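Keep it brief, with headings.

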Amino acid sequence: MSELAGPTNRTVHATAADGTIRDWLVSPVWAAPCQDLEEFLPAEGDPWAGGRWVLTNGPDVGLLKERLAQAHPLDRSAPLDEPFEGGSVRWSFEGSAFEGAWRRVRTGSDGLLDWSAFCFTPEYRYSVSTTVLEVDQSDWRTLELHTTGPFVLWLDGHVVLQGNKVSYMEPEVHSVRVRLSSRTTTVHLATWQVAFRECRQIARLRVLGLPVRVVIPSPGADESAARLAETVLANIGSPSWAQEGAEGTLLAPAGLALRVRVGEHSRWQRVQADTAGKARYRFSVTPEEVDEGGEVGGSAGASILSSGESIVEVGVDDLRCPQTIRMRVAVVPPLSVERPSGDKSQWREDVLRHVAGYGEHAVRESGVAGLLARHALDSETAVRAEDLEASLYRILTRGDCADFEIVALLLAWHWIPEDRWSAEIRQEVASAITGMKYWITQPGLDAMCYFTENHQFVWHVAETLAGETFPDSIFSVDGRTGSEHAAEARALAAGWLTRKLRGGFSEFDSNAYLAIDSYALCALIELGEDETLLAAARTLLDKVLVTLASNSWRGTHGAAHGRSYVHTLRSSRFEETSPILRLIAGVGTLNDAVLPVTTLALAHSYVIPDVVRELAGKEPEEWWGRQVYRGDLAFERDLLDRPYRSDLRIWRTPDVMLSSVQDYRAGLPGLQEHIWGATLGREFQVFVTHPANSDTGSSARPNAWAGHRILPRVHQHRNALIHLQRFTTTDPVRTTHLWLPIAQTDDYIRQGDWIAARRGDGYVAVATPGGVRPVLEGETAWQEWLPTEGGSAWVTVVGRKSIDGDFRDWAAQLAAKQIRWHPRGSEDPGVRFERAGEPTMEVTFETAFLLDGAPVGFERGVPEHEPHLDNPAVHLGFGDERAEVIWNGKTHELAIAGPLSALEERYPLVASEPVAR
């Protein structure tokens, strides 16, 4: 073979149209614990004056991070390893040496290199990346670097740019003018971050000016063959994020030979696309799941609930072509039910066996919850050290979410008899509980979260129960007794209960955190000693479960959410509320979110109301409900100081559900809010977002699908809604996108501005000016839809066969209606939508929402007095003393005034709390 026929030992790539470099070699993230925080913050005293409150709040910790960066500068003189794929890469930091291997990365469409993670304990994080630029003639270029933290940028070993600015979620921009020499220039980039919970560690490099080639050195690669491979890899798609069974499918050009692996530690599979353009691959018995956690001392796993995601890596089956694409899929939990069978005793038994680890698909590592379930099923069960290991580790390291684990240990302490414990284990638990920090005002430097609505109450319950369990013990955090801790925590808990009984939750209907609220409420009811608190907690838990049941559909908590995550929006089987619905009504999914449902299943003092079971288990023929939450946020507990309000609407039938929150902070920056969605199945939730980036993990808030960079204005009337989006000049992408997974449909059609889909007897149709086109490749193939004209306005309608007739006839009738988009391309987008037999809906971003010309939200010509809860089962106004919940012959009273009066009498400071407006 001639020398010219050999490999070129490199691959060559183009930059994006805006000059962004998308092809890199990257190191792992190297991390080390933060062991010097006391040099920058006082561990004791007033947390506000001393500043340690910032440790748990990402946006406000930037100045501290910059001070830390100055004390721990990146090494400008560090030796830089030669870039070649698979080669060794090293880094050193203050006497510690790190090693790894260069790994090829092609960024997402946003061009961001991403080392983001959720870190339970504070840690310093380092990464290095490299690439090679090639030009034929030496000339000047501008390098524009976008990062969220300190960095050093080298060209051919010389520092050309560095910076120490720290931002929260979106990067800062730095630039430098450089001369690129002819032939090749090697780029090295080192980044630094310090993590306090969510850590956004990203970088993007743009080359402004004439295009350059990007070269990735790779032994054995041939750039011509690799270029062909790159073009066909761009055509490969994964048509379903949600996977059931042992086999997955890829869309690929017919006859293409591929190598596929699920998780980087699994073996490569050799597959070939058939004549229909499909290639099938296998999952292992236990797919290797993506872990977003940091790398220090077992801090992995960012959530109480796994995302279920695995990375499917795909390349052309040729050694000359080293590139691969990486796509996320998720094997959904199989123990899922949409229509109930059996009775409440069977549902409880199913839950406990799942949590205990019994059965083929049961939870295998469920910690304290598994211990509690096994003991409930067999009273001879003894406490083992391994049952408590994860909980104790989280508490002893003061890792975020330790509050959840303290409550779990206290439940085990009280519910499992002492003779089932060894003296050593029991003493270890007692020491951990009495040695813990329970609120931001107590001494200690940590990144535990005290300020989100759910964490506030879990901490108050944990401290109350810990103090009542060990009343005479000295708590080492501050030298006070358990009784003193309990007294302080009871007052804080009373304030929280008062606010939520009066006005509802700021994190309205979160399918992540409503379960945690229920968990803490139930634990307090079961173990608490103060009858005033218990009565209030019992009423609030009743109210929470009534709203959960009212705002769910066939086991899917399909409401709009004040806080949500991508995996739960793509499959309701991952919702933390789903096992609770399974326990309540035999619908929903048994997944890894086991602590809340186990506590409810084993409750002795709290009884789930029968009316809640009816609401959750039997779909009404027609349900039009409203839920308004109002209250005040205060800086010392919420790190915000303003009122909050949400106005939720729910349309439910046996075949479909549509929900939205009305005009929620429209035009302001978003975080993790799920503003609206149509639900036709567990994996068939339809919604539109304004993406902030390409990420889908929990450390980007907002990201590609959870939350909105800029919140839209949405209004709903019964089975139809309008979504209006205002863009800004700083938006990375001035467009919205639609999630509608075709693999979950039984039929679909596109016509004009509309796309309509059917699942079973439920219908959904979505319109936007010019219609939509499908994404055909990548991990969102035939699931993501892009608007033809930018997507500043959308209309969504849901229907059902028994009312609306044949699906295609229904879709054709909608397509025949002329929607007035007012005006196209305007900064004030608007819609006028007319349907036969329904009120005409009309709204712009700036003007009132009109139904048949009348403004919504007015009574007798003036703004209405809003209800708190208003649906076919219950009506409760703000300030009402009581309400009757009535459904399918079952009745339950929500007595609000009595518990509130008792709280105010026993805890006088509660009376001064602002009331819901």
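## Cysteines

The sulfur of cysteine 401 lies 8.1 Å from the closest cysteine sulfur, that of cysteine 449, which is too far for a bond. A disulfide here is a pair of cysteine sulfur atoms within 2.5 Å. Cysteine 401 has 11% relative accessibility and so counts as buried. Buried means under 20% relative accessible area, exposed over 50%, and partly exposed in between, with a 1.4 Å probe and protein chains only.

The structure holds zero disulfides. Cysteine 119 is in none either; its nearest cysteine sulfur, in cysteine 199, is 5.6 Å away. Cysteine 119 is buried, at a relative accessible area of 0%.

## Basis of the model

This is a predicted model: local features need pLDDT of at least 70 and side-chain atom pairs count only at pLDDT 80 or more, while totals for chains, interfaces and linings use all residues. Residues are numbered from 1 along each chain as its sequence is written, and side-chain values use heavy atoms, leaving out hydrogens and water.

## Phenylalanine 118

Phenylalanine 118 sits in strand β8, residues 117-135. Strands (E, at least two residues) and helices (H or I, at least four) are DSSP runs, numbered from the N terminus. Phenylalanine 118 is buried, at 4% relative accessibility. Aspartate 400 is 282 residues from phenylalanine 118 in sequence, yet their C-alpha atoms are 9.7 Å apart.

## Helix α7

Burial dominates: 13 of the 14 residues of α7 are buried.

## Nonpolar cores

The largest nonpolar core has 181 residues, and Leu388 and Leu497 have the most contacts inside it. Apart from that core lies another, of 26 residues, including Trp821 and Phe833. Such a core is a set of buried Ala, Val, Leu, Ile, Met, Phe, Trp, Tyr and Cys residues joined through side-chain atoms within 4.5 Å.

Leucine 388 touches Val368, Leu371, Val383, Leu409, Trp421, Ile425 and Val429, leaving aside residues up to four places away in sequence. Contact means heavy atoms within 4.5 Å.

## A four-stranded sheet

Four strands form an open sheet in the order β7-β14-β9-β12, with antiparallel pairing. β7 (113-114) and β12 (172-180) stand at the edges with a single partner strand each, so one side of each lacks a neighbour in the sheet. Two strands pair if DSSP finds at least two bridges between them.

β9 (residues 139-147) pairs with β12 over nine antiparallel bridges. Aspartate 139 stands opposite leucine 180 in β12.
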